[in-house]
Amino acid sequence: MSLPVFLHPDLSAAAPGSSVAIDGAEGRHAVTVKRVQPGQQVALVDPEGFRAEVTVTDVQGKDLLVGTVGAIAQVPEPDPRVVVIQAIPKSERAELAVDLATQAGADEIIAWQADRCVAKWDGKKAHKAVAKWQAAATAAAKQSRRPRVPRVSGPLSTAQVAQLIGNGNPGATTAPGPAPATAFVLHEEGQTSLKDVPQDQLRGTIYLLIGPEGGIGPEELQRLGATAVRLGPEVLRTASAAMVALAVLGVRTNRW
């Protein structure tokens, strides 16, 4: 059985035999909610992909766990790296979309205020909404035993998304360095299935755009400039589309 996972702010200085501790909200989750006891083993992960297997030596109060590191390693980032750009769903499906995308391995999630989004994140709502998405991603990452928690940001307008993805041309680069960046938008009228995209376009960074419940209109699709692809004969709900697409990318690349 896999070890329960808890978050640590920085494990870069940890080594086998060294002592580590977690406190605060994460320590409370381990000690009070999960009732971890001395002698048990847990896994600690940090934002840089370090993962340590730890034997618990002490718990104090309601929120302090102390343990000894047994093994530690830094898990490399997946290649290709997949950034999910998720059009903001209705409230009842928003956190589900983030949860499922995180379980399937999204490396980053960006909220997208698409033209046809029913939900609108104004300036007052945006900060709280992003925090809710980040909390959902954190919980899903721990539950699925991931070594990294995807970062959540946004919301971006369609114009900002188009600028970020560099118009989505296969092989276009959006940052210095040799790694290519490619953008795909899931669309029912896409002429190519994601399973048939040429292998040389599945490298570097992949931006995966998921539209809203109302779909993406022709004018907005043109503004985005990303390559339209489909998943299959069915039209998936916005909350589950990223998960299915990530599964396709998982089996077609070295991500899985």
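Modeller: We shall take the sheets, the helices and the nonpolar cores in turn. This is a predicted model, in which local features need pLDDT of at least 70 and side-chain atom pairs count only at pLDDT 80 or more, while totals for chains, interfaces and linings use all residues. Residues are numbered from 1 along each chain as its sequence is written, and side-chain values use heavy atoms, with hydrogens and water left out.

Colleague: What is the order of the strands in the open sheet of 7 strands?

Modeller: Strands of a sheet pair through backbone hydrogen bonds, either parallel or antiparallel. Strands (E, at least two residues) and helices (H or I, at least four) are DSSP runs numbered from the N terminus, and two strands pair if DSSP finds at least two bridges between them. Here the order is β8-β7-β6-β11-β9-β12-β10, with parallel pairing. The edges are β8 and β10 (192-193), each pairing on one side only. β10 joins β12 (residues 227-230) over 2 bridges, and Thr192 stands opposite Val229 there.

Colleague: In which sense do β4 and β5 pair?

Modeller: Strand β4 (residues 50-60) and β5 are antiparallel over 10 bridges, with Glu53 partnered by Ala71 of β5. Their hairpin has 3 residues between the strands, and Gly61 takes a positive phi near 60 degrees. β5 (residues 64-74) also pairs with β2 (residues 19-22), in the antiparallel sense over 4 bridges.

Colleague: At what angle do α2 and α3 pack?

Modeller: Two packed helices are described by the angle between their axes and the distance between the axes. Axes are lines fitted to C-alpha atoms, for helices over the stretch in contact, and angles run from 0 to 180 degrees between N-to-C directions. For α2 and α3 the angle is about 35 degrees, with the axes 8 Å apart. Contact (heavy atoms within 4.5 Å) involves residues including Val98 of α2 and Trp133 of α3.

Colleague: Which residues touch the most other members of the largest nonpolar core?

Modeller: In soluble globular proteins, nonpolar side chains tend to be buried together. A nonpolar core is a set of buried Ala, Val, Leu, Ile, Met, Phe, Trp, Tyr and Cys residues joined through side-chain atoms within 4.5 Å; buried means under 20% relative accessible area (1.4 Å probe, protein chains only). Of the 52 residues in this core, Val84, Ile85, Trp112, Trp133 and Leu209 touch the most other members. Apart from it lies another core of 16 residues, among them Phe6 and Ile22.

Terms used
Buried < 20%, exposed > 50% of the residue type's maximum accessible area, 1.4 Å probe, protein only.
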